[in-house]
Amino acid sequence: MGDDAECEFARFGSGARTAGGVGASRGVPRRAVLRASDGVRIEAAYDPYEGAGSYEGGAAPCAIVLAHGFTGSVDRPAVRRAARVFAQYGGVVSFSFRGHGSSGGHSTVGDREVLDLAAAVAWARSLGHGRVATVGFSMGGSVVVRHGALYRAGAHEGRTGAPSSASPDPVTDAVPEDAVRDAAPEAVSDAVSDAVSDAVVAVSAPARWYYRGTAPMRRLHWVIQRPVGRLVSRYGLRTRVHPRDWDPVPLSPVAAAPLLAPTPLLVVHGDRDPYFPVDHPHSLAAAAEPHSTELWLVEGFGHAENAAGAELLHRIGSWVAARWSGPAHGPA
């Protein structure tokens, strides 16, 4: 991303926080460069509301933040297709996770990606959206569940959302986690408040880490864990993977799911998913609060955004639009 994108973010990324703010009104899509709290640069796009509903000032009442799967990016056709459908239900923020597309850093395959999502949610709120839903696919599905648990209203567990002035790692472009963790409590509180999601949708998400029960997942582990595999990922899949193992191992999606309540959670999974069998969505739904959780097992659906057709995307958008009967976490 170039200087024009930086200027775009300077103009719109920190704009008015009212429902009729300039960023939330109908108009042309926008591009921005965000910065995660650990310093990694994240490319992002905003698609304004294009639905038939009429709102004061032409502003959409909510935003949907779209989190792609591993090897995806903001400009992949499947992501753009999903953004166009979701724009019928609210403003849409899409972005490239670290190590993907033109974003900086290296992929940690679902760990520090919660910081990227937090930056995207905070940007959506800065554009004037009082309610924000996160919709994640595959790896992005695990990230939205963990993000929803760590960045929830009134919570301080989302420590990694706090800003830090520490020097970035030369490999990852990220600051050391202990430096982030030691940030001032008031900064942590502000970061959590800005990055809270009002609803969470996990599509084709894993419930557990290190799953190798299918051939595609065994191939994926080879790509992530072997030096040759990471070269294939970098030059063949255009995804830069961090060479270090998780230390410590992050909270798993199934462990994060019960911490989401009362935030509504929708778990969507296909009965033809080649990566994760249906025990994964069943485990997520069973672990979450039953009164705020729904599970859709979609017949004939494969895996993530590449397999999600318009009908399913519209169903998800309709579910999100129906969630806004409760109080918003963001500016009203």
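A salt bridge is taken here as a side-chain nitrogen of Lys or Arg within 4 Å of a carboxyl oxygen of Asp or Glu, and by that rule the structure holds eight of them. The model is a predicted one, in which local features need pLDDT of at least 70 and side-chain atom pairs count only at pLDDT 80 or more, while totals for chains, interfaces and linings use all residues. Residues are numbered from 1 along each chain as its sequence is written, and side-chain values use heavy atoms, with hydrogens and water left out.

**Overall build**
- The chain has twelve helices and eight strands, where helices (H or I, at least four residues) and strands (E, at least two) are DSSP runs numbered from the N terminus.
- Of its 332 residues, 58% count as buried, a term that means under 20% relative accessible area, with exposed meaning over 50% and partly exposed in between (1.4 Å probe, protein chains only).
- Among contacts (heavy atoms within 4.5 Å) between residues at least 6 apart in sequence, 78% join residues at least 24 apart.
- The accessible surface of the chain, from the Shrake-Rupley method with a 1.4 Å probe, comes to about 13500 Å², and 53% of that belongs to carbon and sulfur atoms.

**Salt bridges around Asp-38**
- Asp-38 forms a salt bridge with Arg-112, with the closest N and O atoms 3.2 Å apart; Asp-38 lies in the loop between strand 1 and strand 2 and Arg-112 in the loop between strand 4 and helix 3, so the pair ties together parts that are 74 residues apart in sequence.
- Both Asp-38 and Arg-112 are buried, and salt bridges that share partners join Asp-38, Arg-98, Arg-112 and Asp-116 into one network.
- Arg-98 also forms a salt bridge with Asp-38, at 2.8 Å between the closest N and O atoms, and Arg-98 is buried, with a relative accessible area of 2%.

- Arg-31 and Asp-75 meet through their side chains in a salt bridge of 2.4 Å, N to O; because Arg-31 lies in strand 1 (residues 30–35) and Asp-75 in the loop between strand 3 (62–67) and helix 2 (77–86), the pair ties together parts that are 44 residues apart in sequence.
- Arg-31 counts as partly exposed at 31% relative accessibility, and Asp-75 counts as partly exposed at 44%.

**Helix 3**
- Helix 3 (residues 113–126) has 14 residues and should span 20 Å at 1.5 Å a residue, which agrees with its end C-alpha atoms being 20 Å apart; the expected span is 1.5 Å times one less than the number of residues.
- Helix 3 is mostly covered, with 13 of its 14 residues buried, and is followed by Gly-128, whose phi is positive, near 105 degrees.

**Aromatic pairs**
- Rings of Phe, Tyr and Trp (its six-membered ring) pair if their centres lie within 6.5 Å, with planes under 30 degrees apart counted as stacked, over 60 as edge-to-face and the rest as tilted; by this rule there are six aromatic pairs.
- Tyr-210 and Trp-246 form an edge-to-face pair, 5.8 Å centre to centre with 65 degrees between the planes, and Tyr-210 is partly exposed, with a relative accessible area of 44%.
- Tyr-275 and Phe-276 form a tilted pair, 6.5 Å centre to centre with 45 degrees between the planes; Tyr-275 counts as partly exposed at 28% relative accessibility, whereas Phe-276 counts as buried at 5%.
- Trp-209, Tyr-210 and Trp-246 form one aromatic cluster.
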